[in-house]
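Visitor: Could we take a close look at just one part of this model? I'd like the strand layout there, plus whatever open space you can describe.

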Amino acid sequence: MNGDKKLTEMLGIQYPIVQAPMLGVTSPEMVAAVSNGGGLGSLPLGGLAAGVARKLIHQTKALTNKPFAVNLFTYTIPAIAYETAESMALFLKEICTINDLNYTKPDLAQLQFHSYEELIPVLLDENIPIVSFTFGCPDDAAIAAFKSRGVKLIGTVTSVEEAVFLAEKGIDMLTVQGIEAGGHRGSFLSETIPQTGLFTLLPQIADVVSLPLLAAGGIYDQRTIAAAHQLGASGVQIGSLFITANESLASDLYKSSIMQASETGTVLTRAVTGRWLRALRNRLIDLVESSGQVVPAYPVQGSLTAPIRSLAQAQGIADFFPMLAGQACSRAVKQSAAEILSKLVDAYR
Ligand SMILES: Cc1cc2nc3c(=O)[nH]c(=O)nc-3n(C[C@H](O)[C@H](O)[C@H](O)COP(=O)(O)O)c2cc1C
């Protein structure tokens, strides 16, 4: 099967396979291994401070001279709703006490969030050739700045409406994210979260938008890659399959949990960060969802659950450590990122 030549030429890569950016999982080593293997590695920088982002870019550049993408969270940071946040923090403290976890409530007045705008000068300065984004669209000035430097832009969409919106903004390529996908939904236009499967969404977007499309959600082998191309994709973006890579930052507990999950083992929830995401169902998610508490908006809820998540990860407590993963995550195997990529590349040989 041939990939779309336009897509590979546009990105300067050999195979139309993009390793999905996965904040907290993807390392510079993973990005470099995929780019060195002829795919496109993606470095997640969403929500990071400029200094941290620059360091990660330097680490990646030291490992590859091939193109790689960096990924931004292009949304507007909301004001903190203090009453809701206080109430949630008290609830989290209560469930931690009952479950013998030591929860230190974050000081809400001290919470610091970083906007994607802070990262734009860094990306331009570092001559990043490809920028992917999720949760929205960069503002017009940012798009113009990237375009004037020849940067290729890849936006994430979960509906036909979002695809048309980004196409009209002049974005170069779209990642079409089906409901199967692990991690956060990239949705940004409608109040109710689109929950359309990739099979339904991809051809409907291909019918109305002429941009190259990357299919994302539940792709893990030659069959699923072939199906994505049949439905209108020019390439694929794959996340969960790389969680178990040797270069992944995921813990052994995380890796073994996703490998043992069933196809019904994940849920869509706002309980973890305040934004809809797909993760393995666990006790923390169930307790927050059944609490009757209003879940504070992203990223505040993420800051409130962060102490629990790091504690549970360090102590290996799966019940309280939400593991982001897609519906096909059990297909992942423990291998190097190069080996994982090389199996996928067979689809294009
Ligand atoms: C652990 C994890 C973290 C993710 N983090 C990001 C991220 O930082 N930025 C982003 O655009 N997408 C992120 N995603 C979503 C992926 O880009 C992609 O849509 C998804 O992994 C595709 O579905 P799959 O997991 O079934 O392959 C993440 C996905 C996972 C599983």
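Visitor: In what order do the three strands of the open sheet come, and is their pairing parallel or antiparallel?

Guide: The order is S7-S11-S10, and the pairing is antiparallel. Before going on: this is a predicted model, where local features need pLDDT of at least 70 and side-chain atom pairs pLDDT 80 or more, while totals for chains, interfaces and linings use all residues. Numbering starts from 1 along each chain as its sequence is written, and side-chain values use heavy atoms, with hydrogens and water left out.

Strands here are DSSP E runs of at least two residues, numbered from the N terminus. S7 (183-184) and S10 (266-269) are the edge strands; each has a single partner strand, so one side of each has no neighbour in the sheet. S11 covers residues 277-280 and pairs with S7 over two bridges in the antiparallel sense (pairing takes at least two DSSP bridges).

As for open space, the second largest pocket holds about 370 Å³, the space filled by probe spheres set on the grid points, joined across faces, edges and corners. A pocket is an open set of 1 Å grid points where a 1.4 Å probe fits, with protein on both sides within 12 Å along at least five of seven lines; lining residues have an atom within 4 Å of a point. Of the 15 lining residues, Ser-187, Phe-188, Ser-190, Glu-191 and Arg-275 are the closest to the centre of this pocket. Its lining has eight nonpolar, four polar and three charged residues, with Asp, Glu, Lys and Arg as charged, Ala, Val, Leu, Ile, Met, Phe, Trp, Tyr, Cys and Pro as nonpolar, and the others as polar.

Technical notes:
Helix = DSSP H or I, 4+ residues; strand = E, 2+ residues; numbered from the N terminus.
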